[in-house]
Structure formats: structure tokens, C-alpha cells
Amino acid sequence: MTAQNIAAAFAGESQASQKYLAFADVAAAEGYPNVARLFRAVAYAESTHARNHLSVLGGIGTTAENLRAAWGGETFEIDEMYPAYDAVARMQENDSARTSIRYALNAEIDHQGIYDATLRGVEGKADLDGTPVRVCPICGHTVIGDAPDECPQCGTDGAFFKEY
Amino acid sequence: MDEVMERRLPGAEDLHAMTEASLKAAFAGESQAAEKYMVFAEQADEEGLPNIANLFRAISFAETRHARNHLRVMGGVGTTAENLKTAFEGESFEIDEMYPAYAEIARLQAMTQASRSIRYAQRSEADHKEMYAAARAKAMAGADIEAGPVSVCLICGHTMIGDLPEKCLVCGAPKEYYRTF
């Protein structure tokens, strides 16, 4: 029961953190920079709780283990979750939901490939080289290296990609 | 975020119940993936793999974009006054219902680490609830809150506005462990 509860609390904290980050963007757009700052700070606090719960659940391993877990999660979303959700949304003609699902599914395919290649490096004890990673702020499309002129998934100008 | 970008984002729509259930589950999944990858980034840093840490942070950001998109479609993003009410209610539920119930079961089952993780969270949700209540009162009058750094303990999430104590009031971590926003 405690494991179930901590898993539920991890889910709750993770979702609270993401909600607050979205709310911070709204507050900034509405001209409330200090409320935006409060939302970002509290989102970070929720992230510390999520990390603590995940640690108690034994969900943090070595980087090689973490890459395998990450690859597994992406693979489930690609093979099972998003295709099933998309089939239901298509049947129910919820077009906006389908856009949100398609954006996510396409980016998870990027992530699956990147995690797979990265894991092979780590198994040979190698870090990635320092090439920047760039992410579309609209759909999450993820590339290693230069941003495209336009995002191939959603058409957003490559200049808006966030660089890591 | 300019209008060009805004147009590409999926917006709220009337959802059938099954599609709504799908998006709720997808929002939960993306949110948890984003948090996991941030933790995995810290682990990679500790192992001397800074570029893999960077990759985890980038992909975590991608998952936050998906979480935000799903939340928008579900109509979960409102005005700031509405969002502060949503946030206040979420914190209240965790303080009044969720964490006390979880703490009781963890105590019954003598799970000390789980109890600690629950206590850390519950204590800071009380901070958040008060801050959100005060901010909502301001936002409903069309005013921002005062400028002033907000600090968060990176061990337990204790959240405060103003000067830091020498040690975290909740977990005892030294004040260098606070991150300031």
C-alpha cells in the first residue's frame, strides 16, 4: 500500500510541477512577472518532492540503467499508448487532442532513437560528445545538432528551438 | 510566445469522455517522464557524464511541451486568477486529504523513508497554499505580487519568501542548499 501511495504521490507532484510551469507562462504573458516567478519556484519545490518519492521507490539507478528505463518508457508510448489514444481520438473526432497526441508521438520516436544510441556509448563507458541538443518549444521535436529551418513536425521556425 | 507560435499549439476543445481519459493519462505520463529525466540528469552529472546530463535535461523540456499541450486541450490552462485557484485547491487536497492518509499508512507499515518523503512534501504544500491564497487575492484585484526572491530548499522543497534561515526549518539542510528564484 505504501508503494502504491508513493507512486501516486510521484504522479501527483509531477503533474503539479508541470501545471505550475504552464501557469507561469500564462502569468508572464498577462503581465504578472512576480506571480510567474512564484509558480516557477513552487514548480521546482514539487520537483524536489517528485525526486524524493522516486528515490524511495528505487526508481533512480546508474546512468546506464536510467537510459534503459527511459528507452523503455518511450517505447511503450510509441508502440502502445499513443497509437491507442490516437485511435480513440480519431473515432471521436477530437482533432485538437489528435494534434497534441501526434506532436508527442513523433517526438518520442526522436527520443527513443537518441536514448538507444546514447546507451550504446555508455555501455562502452563513453559520454556523448558536446554537440548541442535542440528542442521545438511547440511540439517537442528533438534533434542533436543544428535546428532545421522549420520544424518538420509542426512548422515552427527553427529560430525558436531551445538549445541545450 | 508570440501569436505565430500560439497558432501552432493545440487548443481546448469539447472532449469525449474516452479521449479525455486518454489525455489525462498522457498528461500524467509526460509529467512523470519530465521529472524522471531531470533526476536522471543529476545522476549522469554525478557519474561524470555531463553531455548525457544535458541530453536528459533537453528531453525533459520536450516532455514538458507535451504535458503543456495535453493540459491545454483539456482546458486546464486558464487566466492567472483561475490558475491560482486551481493551484490553491490542489495544494489543499494534498494537505487535507492525500498526504495525511498516505502518512498514516506509511506509519502503520513502519516505512520510515516513505514517511520522510511524505512529511517533506506535506510541510511545503502548506507554504504553497498560503502563498497561492495571497497571490490570488492580488490577481483578482488585477495586481501582481511584490517583487522579491522566492527560495526553495533543494532537499525537502521548503518554500519561502524573504531572508533565509541558517538551516532549513523542515529538514535542517544548511542555507546554501536553497535555490532562489
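## The contact between the chains

Where chain B and chain A meet, 106 residues of chain B and 97 residues of chain A take part, contact meaning heavy atoms within 4.5 Å. This is a predicted model, in which local features need pLDDT of at least 70 and side-chain atom pairs count only at pLDDT 80 or more, while totals for chains, interfaces and linings use all residues. Residues are numbered from 1 along each chain as its sequence is written, chains are lettered from A in the order in which they are written, and side-chain values use heavy atoms, with hydrogens and water left out.

The area buried between the two chains is about 8200 Å², with 64% of it given by carbon and sulfur atoms; buried area is the accessible area (1.4 Å probe) that two parts lose on being put together, summed over both.

## The side of chain B

Among the elements of chain B that touch chain A are α1 (3–8), α2 (17–46) and β1 (150–153), and α2(B) gives the most, with 22 residues. Helices (H or I, at least four residues) and strands (E, at least two) are DSSP runs, numbered from the N terminus.

## The sheet of chain B

In chain B, three strands form an open, antiparallel sheet in the order β2-β1-β3, where two strands pair if DSSP finds at least two bridges between them. Because β2 (159–161) and β3 (178–180) of chain B stand at the edges with a single partner strand each, one side of each is left without a neighbour in the sheet. The pairing of β1(B) with β2(B) runs over three bridges, and B:Val152 has B:Thr159 in β2(B) as its bridge partner.
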